[in-house]
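Keep the sequence and the 3D view side by side as you read.

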Amino acid sequence: MHAPIADVPPLMSFEASMEPYAQLVRSLLPRAASVSLFDSSGKLLCSSAVSANPDLFVVVLQAIGERNAEDLGLHCALPDDGPAYLFWLRDGAGSIAAVAAVVCNRPPSDNHVLPFSFVHEQLKPAMELLRRDLLARASIDLLNESLTARDKDLELLLSVTGSDPQAVGS
């Protein structure tokens, strides 16, 4: 069982590690300008963009509300930016755990906008690595919570029985 992606501990630590994913995406898709990561409710977790694009938030929230269970993601146009490609990052049960948004530089004309199927094939390895990283972080967080709870249970048990917790750990 995986913890929800939104529960991943300090996202600042993940934000620092987002840049390698952005570099990987840019190497696979040179038109890519930024990569942003949203939880399944549309909350921005981190982004490689210098500033947040409010249109991207709107598009992500709409897409989350209208998504089809089998979709891999979708392509959308941002009014003041280039095309955006949204990818559903699914957990082990197939539920959408997070949304990766790749915003590309504006093409010279609408004839040069890449279809979603092409972009998906190009970025499939990067999206899978990102998905695995997020799920691993969530699993580690869940394990840490479980261990902390067990430590507290043990301390309570030892305090009730009058045992010395330091002696038990030796």
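## Buried or exposed

A residue counts as buried under 20% relative accessible area, as exposed over 50%, and as partly exposed in between. The model shown here is predicted.

Take Phe 57. Its relative accessible area is 27%, so Phe 57 is partly exposed. Now take Phe 38. Its relative accessibility is 1%, so Phe 38 counts as buried.

## An aromatic pair

These two residues also meet. Phe 38 and Phe 57 form an aromatic pair. The ring centres are 5.6 Å apart, and the planes stand at 90° to each other. That makes the pair edge-to-face. A search of the whole structure finds two aromatic pairs.

What does this contact tie together? Phe 38 belongs to strand E1, residues 32-39, and Phe 57 to helix H3, residues 54-66. The pair therefore links parts that are 19 residues apart in sequence.

## One side of helix H2

Helix H2 covers residues 18-28. Met 18, Tyr 21, Ala 22 and Val 25 are buried there. Around the axis they span an arc of only 100°, so they sit on the same side of H2.

Strand E4 runs over residues 83-90. How many of its residues are buried? Eight of its eight residues are, so the strand is mostly covered. Pro 83, Tyr 85, Phe 87 and Leu 89 point one way from E4. Ala 84, Leu 86, Trp 88 and Arg 90 point the other way. Both sets are buried.

E4 pairs with strand E3, residues 73-77, in the antiparallel sense. Five bridges join E3 and E4. Look for Ala 77, which stands opposite Pro 83 in E4. The two strands form a hairpin, with five residues between them.

E4 also pairs with strand E5, residues 96-104. These strands run antiparallel too, and seven bridges join them. Here Ala 84 stands opposite Val 103 in E5. The hairpin of E4 and E5 has five residues between its strands. In this hairpin, Gly 94 takes a positive phi near 90°.

## Salt bridges along helix H4

The structure holds four salt bridges. One of them joins Glu 121 to Lys 124, with the closest N and O atoms 3.5 Å apart. Where do these partners sit? Both are in helix H4, residues 116-161. They are three residues apart, so about one helical turn separates them. Glu 121 is partly exposed at 47% relative accessibility. Lys 124 is partly exposed as well, with a relative accessible area of 42%.

Further along H4 comes Glu 128. Its side chain meets that of Arg 131 in a salt bridge, at 2.8 Å from N to O. Glu 128 and Arg 131 are three residues apart in H4, about one turn of the helix. Glu 128 also forms a salt bridge with Arg 132, where the closest N and O atoms are 2.8 Å apart. Glu 128 and Arg 132 are four residues apart in H4, so about one helical turn lies between them.

Together, Glu 128, Arg 131 and Arg 132 are linked in a network of salt bridges. How exposed is each member? Glu 128 is partly exposed, at 28%. Arg 131 is partly exposed, at 22%. Arg 132 has a relative accessible area of 53%, so Arg 132 is exposed.

Technical notes: Residues numbered from 1 in each chain as written. Predicted model: local features only at pLDDT ≥ 70, side-chain atom pairs only at ≥ 80, totals over all residues. Heavy atoms only, no water. Phe/Tyr/Trp six-rings, centres within 6.5 Å; stacked < 30°, edge-to-face > 60°. Buried < 20%, exposed > 50% of the residue type's maximum accessible area, 1.4 Å probe, protein only. Arc of directions from axis to C-beta. Pairing = 2+ DSSP bridges.
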